[in-house]
Amino acid sequence: MNRFLMSASVGVLALVAAGCATPVPQALKVTDVPATFTSPIIADAAVWPQAEWWNSFGSPELAGLVSTSQANNLDIAAAYARVLQAEAQAGIARSSLFPSISGGFDANRQGSQARTIAGAPTGFAHSNSFNLGLDASYQLDIFGRNRNAFFSAEDSLRSSRYAQQTVALTVQSNTASAYVNVLALRERIKIARENVDAINRVLEIVRAKVQNGVSSNLDLAQEQAQVAAQQAQIPGLLQQEREARYMLAVLIGRAPEGFDVDAQTMAAVKPPPLRPGMPSDLLLRRPDVAQAEAALAAAHGNVDAARAAFFPLVGLSGSGGFASGAVNTLFNGSTLLYSVGASVLQTIFDGGRIASQNDLAKAQQLEMIATYRSSVLNAFTDVESALGRVSSLADQEHYLKITVDNGREALRISEIQYREGVADLLVVLQAQQTLFSAEDQLVQTRLARLQANVALYQALGGGWTQEARANTQTWPISTTPPALPQPK
């Protein structure tokens, strides 16, 4: 008998253990997390961005626009609504852990007409009934089906909150990038108009020479074509500037009509230099990585819940109340009614539904493992790419400044030489084209460098940090830095 009881106890404990939550699978490999970043890094720069990083870019207008976008952007509002939906889903899942209790009261009055044998009515007979009762039911979560479903819903809620932070960070960077894009287009428009004025200045010299018979109409036609070509660029730039303002207006949650920005150049926007810390720390600073990690944990909770579905459902139920033919005697002890019961429900045959649901949960977990690893690798790639662009575009801007300075001097000298008849118009045309192209390219490179700095702040998480207690993953760190590419 003792052996039987011991065996039965062991069996029950095994079943209960089978329903407990299991650890979330660890998704990362040693090769997934490098020891260091390999792109160029500014040694004395600040490590990691600060929250509200846009306030340090030197432009109050930019800071105000980004702050407005955080309050009014509709994508952020939609993401917040999804968080509320996830909270409601978690509440629904939590309710399965508690008993269900319902109460009711009903009153009935019945009457019948009595008749004699001859069929003549003799009067009415009446009866009353009053019932007051409570019903309760509770499903014993012995094998963890409801509990693991609740854990999954809680992790889904965490994932939706991280998703909202990801949307907010994206809106921050998009707003900053759109703002400097508007300013860059205004600079390009200004340069194009100044170039038209410069060409017209030479055109007057050409006209004078043609009138005096010193130059041919060929020179005049070439310079007029140069003016038209430069003027043709302005309408397209104006339209791009309008569309950039419209995009910026939508980002801050308002209609584009009547919206404008005050600044005309990018001179005031100066992002402070920034560098990353250890690559492993990045995984606690990226809300999209945390979102994927929480989604993996939620998928694993579904796996545990699906496994528990193989075991019986054990339920308790009870009801009690009072029934009487008169309200004044409803609560007499003699009118008390009650019932209690227990049930065990085990699926015997369902055509493979539970097994298929278990397979589905496992397959979804595999997908989330791959998604989490992909988000981690993409995070490292974003940082490496942003660091590389910041460095290379700074070098490119340096050389373009030299090109522009020398191009202006070359154009000045060529105009003097052409006016004095020492050089022909072709030299002036070449100098104009070289300078105009370099000036436009310099503005676009400045824009790209500023946007690369914004992208670096976004890649490094924008000052966001995940709570360590919310993390379910551990990261194996490679102790060998990746090999740098060798110069050819």
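What follows is a short chat about a predicted model.

Visitor: Hi! What should I know about this model before we start?
Guide: It is predicted, with local features needing pLDDT of at least 70 and side-chain atom pairs counting only at pLDDT 80 or more, while totals for chains, interfaces and linings use all residues. Residues are numbered from 1 along each chain as its sequence is written, and side-chain values use heavy atoms, with hydrogens and water left out.

Visitor: Okay, helices. How do H4 and H9 cross?
Guide: Helix H4 covers residues 145-211 and helix H9 covers residues 425-459; their axes come within 9 Å and cross at roughly 170°. Helices here are DSSP runs of H or I with at least four residues, strands are E runs of at least two, and both are numbered from the N terminus. The axes are lines fitted to C-alpha atoms, for helices over the stretch in contact, with angles from 0 to 180 degrees between N-to-C directions.

Visitor: And what is that arrangement called?
Guide: The crossing makes H4 roughly antiparallel to H9. Angles over 145 degrees count as roughly antiparallel, under 35 as roughly parallel, 65 to 115 as roughly perpendicular, and the rest as oblique.

Visitor: Which classes of residue are in the contact of H4 with H9?
Guide: There are 16 nonpolar, nine polar and five charged residues. Nonpolar means Ala, Val, Leu, Ile, Met, Phe, Trp, Tyr, Cys or Pro, charged means Asp, Glu, Lys or Arg, and the others, Gly among them, are polar.

Visitor: New topic: how many salt bridges are there?
Guide: The count comes to 22, where a salt bridge is a side-chain nitrogen of Lys or Arg within 4 Å of a carboxyl oxygen of Asp or Glu.

Visitor: Nice. Which residue does Glu204 form a salt bridge with?
Guide: Glu204 pairs with Arg207, and their closest N and O atoms are 3.0 Å apart. Both sit in helix H4, three residues apart, so about one helical turn separates them.

Visitor: Is Glu204 buried or partly exposed?
Guide: Glu204 is partly exposed, at 49% relative accessible area, and Arg207 is partly exposed too, at 31%. Buried means under 20%, exposed means over 50%, and partly exposed is in between, using a 1.4 Å probe and protein chains only.

Visitor: What about Glu241, which partner does it have?
Guide: Glu241 forms a salt bridge with Arg245, with the closest N and O atoms 2.8 Å apart. These two are four residues apart in helix H5 (residues 217-251), so they are also separated by about one helical turn. Glu241 is buried at 7%, and Arg245 is buried at 14%.

Visitor: Let's look at loops. Where is Trp48?
Guide: Trp48 lies in the loop between strand S1 (46-47) and helix H2 (60-72). Its phi is positive, about 65°, although Trp48 is not a glycine. Trp48 is buried, with a relative accessible area of 8%.

Visitor: And what is the phi of Glu52?
Guide: Phi of Glu52 is near 55°, a positive value in a residue other than glycine. Glu52 is found in the loop between S1 and H2, and Glu52 is partly exposed at 49%.
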